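The structure is displayed below.

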Amino acid sequence: MAPRVSKCSIYRPILVGNTARPLGDRKNPASDHTHEWTVCVKGVKDEDISHFVKKVVFKLHDTYPNPSRSIEAPPFEVTETGWGEFELQVKIFFVSEASEKPVALFHRLKLHPFGPEEVERASKNGGEVSSWQYDEVVFHEPTEALYELMTRKGNAVLPLERSPDNVFSQRSEQEELDRLETALAKVDAETKKYKDKILAMEKKTNSSTAASSSA
């Protein structure tokens, strides 16, 4: 068993998602496929992740030929055409130094814009839509070999600000925390309001019961 670094965790941010655009004039009249799409796993700001990711297996819909696509070198992506949205399984395998089991994630393939803002954005980008989810690969008590490798390569720090090419940043994380805090405060206020209402109703019921007993 490979020696490990105790009481230590190493994490790296990754993005899992897809881009898609209508085929338009490229559409094959004999096919019902309407879009070309690319699903991929990559680092934030397109940083190289091959020093800890060995391969990625994308499990497409069973109607595709060879639905399990194994990509063993960057870019870890699959490009296809189709007409429907579906959920893909994305299985990430790590380099031998990690001595870790693969991790399975899921992504809903997105082909169409949703809502006025996305429709407007797609119209400005030639009909292209995108859907990305932020995740983190965490190695708890990594092997000494992986620890040495990870501390020499890569970056775990998100960019401070958003950019057109990257919506994930320290700023967006803080905004998400602020939204959660606001939502929790609203829930607490609503809970207190209903508790006070219930207590008032109980008090009124008890008063009515006491008056009836006296009579």
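## Surface and basis of the model

The accessible surface of the protein comes to about 14100 Å², and carbon and sulfur atoms hold 54% of that area; areas were computed by the Shrake-Rupley method with a 1.4 Å probe, and for residues only the protein chains shown count as cover. The model is predicted: local features need pLDDT of at least 70, side-chain atom pairs count only at pLDDT 80 or more, and totals for chains, interfaces and linings use all residues. Residues are numbered from 1 along each chain as its sequence is written, and side-chain values use heavy atoms, with hydrogens and water left out.

## Overall fold

The protein contains three helices and eight strands, in the order β-β-β-β-β-β-β-α-β-α-α from the N terminus. These elements are DSSP runs numbered from the N terminus: helices are H or I with at least four residues, strands E with at least two.

Of the 215 residues, 30% are buried (buried means under 20% relative accessible area, exposed over 50%, partly exposed in between, with a 1.4 Å probe and protein chains only). Among contacts (heavy atoms within 4.5 Å) with a separation of 6 or more, 64% link residues 24 or more positions apart.

## Nonpolar core

The largest nonpolar core has 35 residues, and Trp37, Val41, Phe52 and Phe58 have the most contacts inside it. Such a core is a set of buried Ala, Val, Leu, Ile, Met, Phe, Trp, Tyr and Cys residues joined through side-chain atoms within 4.5 Å. Two or more residues come from each of β1 (9-22), β2 (35-43), β3 (53-59), β5 (76-82), β6 (87-94), β8 (129-140) and α2 (144-152).

Beyond its neighbours within four places in sequence, Phe58 contacts residues including Val39, Val41, Pro67, Ile71, Phe76, Val78 and Val90.

## Open sheet

Four strands form an open sheet with antiparallel pairing, ordered β4-β3-β6-β7; strands pair if DSSP finds at least two bridges between them. β4 (68-71) and β7 (103-108) are the edge strands, each pairing on one side only. Within the sheet, β3 and β6 run antiparallel and are joined by six bridges. Lys59 stands opposite Gln89 in β6.

## Helix α2

Leu146, Leu149 and Met150 are buried in α2. Viewed down the helix axis, the buried residues of α2 fall within an arc of 95°, so they line one face; the arc is that of the directions from the helix axis to the C-beta atoms. These buried residues pack against β1 and β8, whereas Thr151 and Arg152, on the other side of α2, are exposed. Gly154 follows α2 and has a positive phi, near 85°.
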